[in-house]
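Me: I would like to learn how to read a model like this one, feature by feature. Could you take me through it, giving the general idea before each case?

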Amino acid sequence: MKLDLTSMLYALSFALSNVEAELLGLDTGHCRRVACLGVSMGKAAGFDEEELRDFAGCCILHDNALTEFIHEELMESKEVIQICRLASMDETKMHNRHCIIGESNIRLLPFRTDVENIILHHHENADGTGALKKNSSETTLKSQILHLADVIDIRHRRATMTEAEFDEIRGWVKSQSGKLFSKETVELFLESVDFETIDHIQNTGLLEYLHKELHTIVREYTDEEIHNIADLFAKIIDYKSEFTQSHSRGVADKAEFMARHYGFDKEKTVRFYFAGAMHDIGKMIVSNDILEKSGKLTIDEFAKMKNHASATHYILNQINGIPDIVEWASNHHEKLNGSGYPRGLSEKELDFEDQLMACIDIYQALTEKRPYKDGMSHEKTISIMMDMANKGELNKKIVQDIYAIMPQKI
């Protein structure tokens, strides 16, 4: 399957930035700002374009394991951890674990250059006082650049800044030479990043700057590589809330199973798996207060919840070359009689694949166990879905097929 992985990471940075904003209290756009600063310094350090492209990906993904870390805390404490408590958690533990998990996660991605330990060491201080106690002689320049860019954005918490504010940051960075930051990295920052650079990024826009600095490339990836890419982001999506900790991966597996049943060719089956894994990427912009509310949602809360389908369309539509996947993924809450959302499409406007994904999503949601409910049996689930089909909401033939063959999968 052909995919522009860089444009995919840029697009998904919108979702990741919303998670960082919710969990860390940062202005939306943290991972993009870190990537912009990292690319600027990387160019000055002499990274070639392939290295820069992969390094930008690491910058965008440097906090990819935040949601997984919180899940670990939930399992360890056996109690619900409010998001606002994240700031009061043991900082060293948080930095240590999310770096280790994050490093493991990005090994799933088919980067073309050496990205080893960039994420693992992005919370290491030059003097060895960081999360894993590694000093600057034990970490790479790329991890040091990422560390500096990350700390600047977290410490100063400014989506925009004036020249006076930037001068203050420069002075502070100088004061941390040999302490938080290596002397080499500090010198690189002072030499390559001036207010003109910052002002240009601010005026151009974060994504626009990245697109201008780095050309995106459409490449052919193996089925295994596509599965790995999809699985990584399904994991990030699912760990956003403990209520749906395996939903996206379950939908993807069943999407692949049903695609094979209907005789989709190999390429289309992989694309359908990818769509299943990514169908709920829009939920990353929905607050956990809504995702994990035990009672009935208010009208306003339900409206915000429904926005996730539109957000999925918005995010995936920014990735080059996957218009079919965009539709299959974002139409999973549409109904044949037009009563679904976000666009209220009717049967004649929904492809067979859209209708199939909608059925798979409902089947997965009803059968999976969640903290507030046990999963329903196959028979009970099909009974509910058949009732929906009789009301004109779902494709009855697909429901009947799921009834007949899904037990082979589960």
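Me: Which helices each supply at least two residues of the lining of the largest cavity?

Reply: Bear in mind throughout that this is a predicted model. A cavity is a space where a 1.4 Å probe fits but cannot get out, and in the largest cavity here helix H1 (5–24) and helix H3 (49–60) each supply at least two residues of the lining. H3 gives the most, with 5 residues.

Me: How many cavities of 30 Å³ or more does a search of the whole structure find, and what volume does the largest cavity have?

Reply: The search finds 5 cavities of 30 Å³ or more, and the largest of them has a volume of about 120 Å³. Its lining consists of 16 residues, of which Leu5, Thr6, Arg53, Asp54 and Arg219 are the closest to its centre. Sorted by class, the lining of the largest cavity comprises 8 nonpolar, 2 polar and 6 charged residues.

Me: Next, the packing of helices. At what angle do the axes of H2 and H8 cross?

Reply: Two packed helices are described by the angle between their axes and the distance between the axes. In this model the axes of helix H2 (residues 30–45) and helix H8 (residues 183–192) come within 10 Å and cross at roughly 100°. Angles of 65 to 115 degrees count as roughly perpendicular, and H2 and H8 are therefore roughly perpendicular to each other. On the H2 side the contact involves Leu37, Ser40, Met41, Ala44 and Ala45, which meet Thr185, Leu188, Phe189 and Ser192 in H8. The residues of this contact of H2 with H8 divide into 6 nonpolar, 3 polar and no charged.

Me: How far apart are the axes of H9 and H10, and at what angle do these helices pack?

Reply: The axes of helix H9 (residues 195–204) and helix H10 (residues 206–213) are 6 Å apart, and the helices pack at an angle of about 110°. That angle makes H9 roughly perpendicular to H10. H9 contributes His200, Ile201 and Thr204 to the contact, while H10 contributes Leu206, Glu208, Tyr209 and Lys212. By class, the contact of H9 with H10 has 3 nonpolar, 2 polar and 2 charged residues.

Me: Now the backbone. Which residues other than glycine have a positive phi, and where is a cis peptide bond?

Reply: Most residues other than glycine have a negative phi, and most peptide bonds are trans. Against that background, asparagine 117 has a positive phi, near 70°, and lysine 133 has a positive phi near 60°. Asparagine 117 is placed in the loop between helix H5 (91–106) and helix H6 (141–156), and lysine 133 also lies in the loop between H5 and H6. The cis peptide bond joins tyrosine 341 and proline 342, with omega at about 10°. Proline 342 belongs to the loop between helix H16 (323–330) and helix H17 (352–367).

Me: Is lysine 133 buried or exposed, and how should I read such a value?

Reply: Buried means under 20% relative accessible area, exposed means over 50%, and partly exposed is in between. Lysine 133 is exposed because its relative accessible area is 53%. Asparagine 135, which is also in the loop between H5 and H6, is partly exposed at 27%. Leaving aside neighbours within four places in sequence, asparagine 135 is in contact with Asn125, Ala126, Asp127 and Gly128.

Me: Is isoleucine 237 buried or exposed, and which residues does isoleucine 237 touch?

Reply: Isoleucine 237 sits in helix H11 (residues 223–238) and is buried, with a relative accessible area of 5%. Not counting residues up to four places away in sequence, isoleucine 237 touches Ser248, Ala277, Met278, Asp280, Ile281 and Met284. Its C-alpha atom is separated by 8.9 Å from that of histidine 247, which lies 10 residues apart along the chain.

Me: What about arginine 158: where is it found, and what does it touch?

Reply: Arginine 158 is found in the loop between H6 and helix H7 (163–175), and at 21% relative accessibility it counts as partly exposed. Residues up to four places away in sequence aside, arginine 158 touches Asp27, Arg33, Asp153, Glu165, Glu168 and Ile169.

Terms used: Residues numbered from 1 in each chain as written. Predicted model: local features only at pLDDT ≥ 70, side-chain atom pairs only at ≥ 80, totals over all residues. Heavy atoms only, no water. Helix = DSSP H or I, 4+ residues; strand = E, 2+ residues; numbered from the N terminus. Buried < 20%, exposed > 50% of the residue type's maximum accessible area, 1.4 Å probe, protein only. Contact = heavy atoms within 4.5 Å. 1 Å grid on protein atoms, 1.4 Å probe; cavity = no way out; pocket = protein on both sides within 12 Å on 5 of 7 lines; lining within 4 Å. Points joined across faces, edges and corners; volume = space filled by probe spheres on them. Nonpolar A, V, L, I, M, F, W, Y, C, P; charged D, E, K, R; others polar. Axes fitted to C-alpha atoms, helices over the stretch in contact; angles between N-to-C directions. Parallel < 35°, antiparallel > 145°, perpendicular 65-115°, else oblique.
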